[in-house]
Amino acid sequence: MELVRMVRSPWFVGSVAVLGFLVIVSALLNQASYSEWYGYAQQYQTKNYGMENRVMVNAWVGTDRRPSSALLYFLLPLLCLLPGAGTLIEERASGYQAHALSRMSDGLYYGAKALACFVAAGLVALMPLCLSLVASAMVMPYGLPDLMAYATLSASISNLTPFQYLFYTFPIGYLGTWCVMTCCLCGLWATTVLACSLFARSPVRLFAGACIFQILLNYASVNLSKVLSAELVNAVDLFTLLVPTGYEGSIPTSQTLGASLVAYAAASLIIPILFFRRRCYL
Amino acid sequence: MMLLRLLRRDLSVGTYQARLYLSFAFVLGLLFSLGAAGNAITRGISPSGLSYADAVGEAFNFSSPVNIEALLNGRALSITFPWLLTFASLLAATLDYPKTDAFGSGYRVVVGAGSRWIWWLSKCLWIVVVTAVFWLLFYAGIAVMSMAFQMDMTLDITESGASFLFTNLSIYGFSMTVIPLLLLSVPIGSALGLIQLVIAMRAERIPAYAFCLVLMFVSALFMHPLLPGNYLISGRSIGMALGGMQLNAGLAWALGVGLAAVIVGGLLFSRMTIFGGTRDE
């Protein structure tokens, strides 16, 4: 019931629509670029226009480096919160929570809500990314990127990008893995924010605070990483972790991705266990 | 006398309510100083070669103003979000207390004060004091981390520090200072807080907060003397670049807008009907 409410809410539909629109814009930009280069390659067949690297895996939103794709990944940590992360505050304010808690256990009430929030946020991320998979397949041919040629062109991923071996050997697997990873990370982020909503009174403030937290996390982790090691810039914010190409000069790594998954999972479990009764029965 | 008594009450009750944001100002100061050190290390410079002013410059660093023509030709839009964090927390610090006090438990104080204007003026003064405390803690945070990195505690921007700052103007190259930024932070922050207070009292707190943040965001994107954010961006400051935003113009803006907000807000507040936790037109 919780999931149906969240998925039918205008926030879910609106979020998916906004992200879907950005995916379509990226696909159109990729199509225009591919057509232009394909035209040159047809006209001057003796010259190399890097057509061997203009393959589907490079036309996906996470790898194409289009402004609309960057906007999509910038908005994703906020939009995935909208369907479910604020429901606890709304139900507390409306009095629904008091009725629900008199009829079922705390664990059942919160568990159902957290699970629905996880799935709804994951779907907000997964649906546009899957749409982008289809769109990229329509724009560019499927094929393996040429590793040698790739080194001389502007690389969309680095050697430290998680699952990079799949990028060169099994591109569709690479894209699928990133879709699932993004879906899980968004779901866990939304359940963490749902847990933190026990301390908030207004959904607007909760969402604004969540975005500010991510911006702060980006700035702090990037600069701490610079101070500790000038060679590799590690960031642990979602703007960086959700996208294979990274954000503003920082790239995701397996360690930061793994650590963030564990941290969000731990926070989404520990915070309600410690504070649910204290915050909901007073 | 009544004004002083009300202000003392506001300082004890309201400042306590804003303690989280005020402590956050100190943390932000630490982070921006860390950012300056990180920038230096990335470019192979020792952080001890920087100065306190470089760290302050990093805290007020924002991308160059938007060039619409270049944007239409496909150039990426660059936005420095950490710059907005400072103003987001400053405005949040003064957002809640006056409204909750007037329409919550403190409405009896409005009656007891004898004059609504006195109550209103005490809230305006409280905003100025909290803004000053916020910036003091912010600069203290920068100073602590600067000392930890053994930076020179001077107000002169070094050449290395200037190379991290975004600007579309010609920088002096020598005798660059952050004094205009330091002098303008309290007046402009207070004027913004007063605008927010007027909107929050007449409408709601979230629209007031959003309006002021959007004003800062827009003013960071476009360079114009009437847009207040420009006065608090290091790369557009007269202390650093030729043709930068003038200190006098910034003070005049803050004074003019601040006074207008106090007068307009006071007139509106004195005509509002207030009773026990709600508001009636």
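How many residues does the contact take from chain B and from chain A? In this predicted model, the contact (heavy atoms within 4.5 Å) takes 21 residues from chain B and 14 residues from chain A. Residues are numbered from 1 along each chain as its sequence is written, and chains are lettered from A in the order in which they are written. Local features need a pLDDT of at least 70 and side-chain atom pairs count only at pLDDT 80 or more, whereas totals for chains, interfaces and linings use all residues; side-chain values use heavy atoms, with hydrogens and water left out.

The model scores ipTM 0.73 and pTM 0.81. For chain B, the average pLDDT (the predictor's confidence in each residue, from 0 to 100) is 85, and 93% of the residues score at least 70. Residues 277-281 of chain B fall below 50, and this stretch has 15 contacts in the model beyond near neighbours in sequence. Where pLDDT is low, the predicted coordinates should not be read in detail.

Between them, chain B and chain A bury about 1600 Å² (accessible area, 1.4 Å probe, lost on being put together and summed over both), with 74% of it on carbon and sulfur atoms. In chain B, the most area is lost to chain A by Leu31(B), Phe81(B) and Leu85(B), together 29% of what that side buries.

One salt bridge (a side-chain nitrogen of Lys or Arg within 4 Å of a carboxyl oxygen of Asp or Glu) is counted between chain B and chain A. Asp96(B) and Arg205(A) meet through their side chains in a salt bridge at 2.7 Å, N to O.

Arg205(B) is partly exposed at 22% relative accessibility (buried is under 20%, exposed over 50%, partly exposed in between; 1.4 Å probe, protein chains only).

In chain A, the side chains of Glu91(A) and Lys113(A) form a salt bridge of 2.9 Å, N to O. Glu91(A) is buried at 3% relative accessible area, and Lys113(A) is buried at 0%. Arg5(A), Glu91(A) and Lys113(A) are linked in a network of salt bridges.

Terms used. Buried area is the accessible area (1.4 Å probe) that two parts lose on being put together, summed over both.
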